Amino acid sequence: MEIMVLLLIMMVLAALWAVMTSLLLRSAIALALTSVILTVIMYRMGAPLAAVFELSVCAGLISVVFISVISLTHRLPLKEYLARRQSRIMRFWPLPVILIIAGVALILIKNPLGAISPVSAGAQDVRAVMWNLRQLDLFGQIMILLAGVFGVLILFKGYKHD
Amino acid sequence: MIDLWLILIFIILLLIEGFYCVVATYNLLRVLIGLEILIKAATLFVIAAGYVSGNMALAQAMVITVIVIEVVVVVIAAGIILGFFSEYDSLNVRNARNMKG
């Protein structure tokens, strides 16, 4: 239990770093770190397959996409960067305060859910659920992936004409 | 045993971070990062729900679907952001006011 609390705190802190840092590259790395910690949490809660997907796709592929996009853009001039950084600090300093207040308030609220203990349903296999019960989800996933591929093709086709 | 209320507190904190990032920033990439944090909170909630209901297999199937959708959303959004950058030479979302339509 203590390890889980520690992991959850680390995840919130990593996400806070992703939001607060002024450099986009650090932000992408912090997002990948958030995904890695979420992977550990998922594994500890008994979802190893989803954890592997989270690690390989969210911490891997999405980080690559973010870093590629950042590398295709360019830095602001130093003067403008410093001015924007100052305005960023002014806009984002309330966030940690809001988080601390919300966290303390939620901890002080008496648990409205009561003691919920996990139901031990029959151990189903995730593969059986995906292929037998959720077949429409798989078709939906295929359609979305195809839509993504066509979307990327169209976007880069536009680049070539420019 | 994992306390569901404790996990819910952290999910709410993640949601606050994500919403704040989306609302307070003018950088399109940071909007996407805020969206990612929101999706991570939703993912954690689905896993916690599966843990409590004892139906972790269904929760995992849902999470895999969410991850696939997340990737496609991020890739398409990244393409749109690059198109925006090539047009305006900036990632500032306020430039979108100059768009047609």
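Which residues in α1(A) meet which residues in α1(B)? Point 2 takes this up, after a word on the model.

1. **The model.** This is a predicted model, in which local features need pLDDT of at least 70, side-chain atom pairs count only at pLDDT 80 or more, and totals for chains, interfaces and linings use all residues. Residues are numbered from 1 along each chain as its sequence is written, while chains are lettered from A and ligands numbered from 1 in the order in which they are written.

2. **α1(A) against α1(B).** On the chain A side, Val5(A), Leu8(A), Met11(A), Val12(A), Ala15(A), Leu16(A) and Val19(A) make the contact. Their partners in α1(B) are Leu6(B), Ile7(B), Phe10(B), Leu13(B), Leu14(B), Glu17(B), Tyr20(B) and Cys21(B). Contact here means C-beta atoms, placed from the backbone, within 7 Å. By class there are 14 nonpolar, no polar and 1 charged residues. Ala, Val, Leu, Ile, Met, Phe, Trp, Tyr, Cys and Pro count as nonpolar, Asp, Glu, Lys and Arg as charged, and the others, Gly among them, as polar.

3. **Geometry of that pair.** The two helices pack at an angle of about 5°, with axes 10 Å apart. α1(A) and α1(B) are therefore roughly parallel to each other; the classes are under 35 degrees for roughly parallel, over 145 for roughly antiparallel, 65 to 115 for roughly perpendicular, and oblique for the rest. Axes are lines fitted to C-alpha atoms, for helices over the stretch in contact, with angles from 0 to 180 degrees between N-to-C directions.

4. **The whole interface.** Chain A brings 66 residues to the contact and chain B brings 58 residues. On the side of chain A that touches chain B, α3(A) gives the most, with 11 residues. That side divides into 47 nonpolar, 13 polar and 6 charged residues.

5. **Inside chain A.** Chain A has 7 helices and 0 strands, helices being DSSP runs of H or I with at least four residues and strands runs of E with at least two, numbered from the N terminus. Helix α2 (residues 24-44) and helix α3 (residues 48-72) of chain A have axes that come within 8 Å and cross at roughly 175°, so α2(A) and α3(A) are roughly antiparallel. Their contact has 17 nonpolar, 3 polar and 1 charged residues.

6. **Spread of chain A.** The radius of gyration of chain A is 21 Å, well over the 15 Å that the globule rule gives for 162 residues, so chain A is more spread out than a compact globule. The radius is taken over C-alpha atoms, and the rule is 2.2 Å times the number of residues to the power 0.38. The domain assignment, automatic or from a database, gives domain 1 (1-75 + 84-109) and domain 2 (126-162) in chain A, with C-alpha centres 26 Å apart.

7. **Chain B.** Chain B has 3 helices and 0 strands. Of the 101 residues of chain B, 46% count as buried, and of the 162 residues of chain A, 20% do. Buried means 20 or more other C-beta atoms within 10 Å of the residue's own, exposed 12 or fewer, and partly exposed in between, with C-beta atoms placed from the backbone.

8. **One backbone detail.** Asp89(B), in the segment after α3 (56-88) of chain B, has phi near 60°, a positive value in a residue other than glycine. Asp89(B) is exposed, with 11 other C-beta atoms within 10 Å.

How values were computed
Two residues are in contact if their C-beta atoms, placed from the backbone, lie within 7 Å.
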